[in-house]
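Subject: Structure for your review

Dear colleague,

I am handing over the structure below, followed by notes on what was found in it. Please read the notes with the model open beside you.

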Amino acid sequence: MSLEAAPDTPSRVLIVDDDHDFAASLALLLEMEGYAITVAHDGAGAHAALAGPLADGPAVALVDIRLGHEDGVALATALIGARPDLLAVMVTAYASVPTAIRALQAGIYDYVCKPFEPAELLAILARCFDRHRLAREREQAEELLRRARRLEAIGQLSAGIAHDFNNLLAVVGGNLKLLRDELARGGEADGALMRELVADALAAVEEGTAANRQLLAVGRAQTLLPRTIDLAQAVEHTAATARAALGPGIALELSRPTAPCPAKVDPRPFEASLLNLLINARDALGGAGLIRLGVVLTDLGAGAPGRLEDMPAGAYAVVTVEDEGCGMTPEVLEKALNPFFSTKPAESGSGLGLATVYGFARQSGGNLLIESAAGCGTRVTLVLPAA
């Protein structure tokens, strides 16, 4: 947020100088030019002048390089630290190249040497406030862009939800209408047909419930019940149950440690997430090829790939699913975790799969990484906290 005041209010300048007469004369000059002036004669007064609301504070500080026993450059640096958007201009009668270099290295915007022409100082102040204006305009433009992107994302999310649930409601509504017509026939109603219609409607409701669970996972609002499990054993169990779904053309190669791999996760959404990754790998292979599935315990220290700032350093269980399928282009990879984004036909998926897995990983205290290149396959890494 810029320190500059609104366009219809005076530009605010802080003068910090231990020479009372010089500070008063400079304040009078700048007030005649339309600036709002605050005067301080030492560091304590300067900090006090910046202690008020950000929007009402000075945007530029004119700081004497020598303030009695205080170092003006050090004071200006401290003021900038307290108000990062503050522009400091050193005022000095002891100009030298080392002084100028020291001031600029400390983050000082500019400096002016005593005695100076009023026009010289006014030109520097004009540049300072132009810089604040440009920063404010840039910030406003960036906020408009962020707002537009949020609206676009909300629109895509709403369209995806409406599409999926509209299909389910069509199934429920169609079956209920047929059931109503069948009941209207009274004694001639076909009991077997009515049971089939009810079963189809209930199946659609269950699909809607499952989709709702996925949406909660994407928004990290699902209720997880984490407990300590042997993740290697859970991976092996999921791999065994997934073989039938993968089809006869897929070979599944499992690599797991012989020792237990304790992790603290909710087993059911973990197994659903892993199955989702395996199905994605199968589809990338076109139904024929090799999927490598591995699990291992590892330590993630500072700066380790896959460890985010909110993930404490330490032991993590890492599950990898790797295929040599079609891979992803950089454009697809960038959007892979977006809800409702999918490269598959509409009837083949909702685009919530990877977003759901990512939501589960983050809510569990872990992360999801995807490495892929077009024509070179994909490697998905699920990082979960070890017990």
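Two strands are said to pair if DSSP finds at least two bridges between them, and helices (H or I, at least four residues) and strands (E, at least two) are DSSP runs that are numbered from the N terminus. This is a predicted model, in which local features need pLDDT of at least 70 and side-chain atom pairs count only at pLDDT 80 or more, whereas totals for chains, interfaces and linings use all residues. Residues are numbered from 1 along each chain as its sequence is written, and side-chain values use heavy atoms, with hydrogens and water left out.

The axes of α8 (residues 267-284) and α10 (residues 353-363) come within 10 Å and cross at roughly 145°. Their contact (heavy atoms within 4.5 Å) is made by Pro269, Phe270, Ser273, Asn276, Leu277 and Asn280 of α8 together with Gly353, Leu354, Val357 and Phe360 of α10. Helix α10 is mostly covered, as nine of its eleven residues are buried, where buried means under 20% relative accessible area, exposed over 50%, and partly exposed in between (1.4 Å probe, protein chains only). Among the buried residues of α10 are Leu354, Phe360 and Arg362. Just after α10, Gly365 takes a positive phi of about 95°.

A further open sheet of five strands has the order β2-β1-β3-β6-β7, with parallel pairing. Its edge strands are β2 (36-40) and β7 (110-113), each of which pairs on one side only. Neighbouring strands here are turned by 20° against each other on average, with direction ignored. Strand β1 (residues 12-16) pairs with β2 in the parallel sense over five bridges, and Arg12 stands opposite Ala36 in β2.

With best regards

Methods. Axes are lines fitted to C-alpha atoms, for helices over the stretch in contact, and angles run from 0 to 180 degrees between N-to-C directions.
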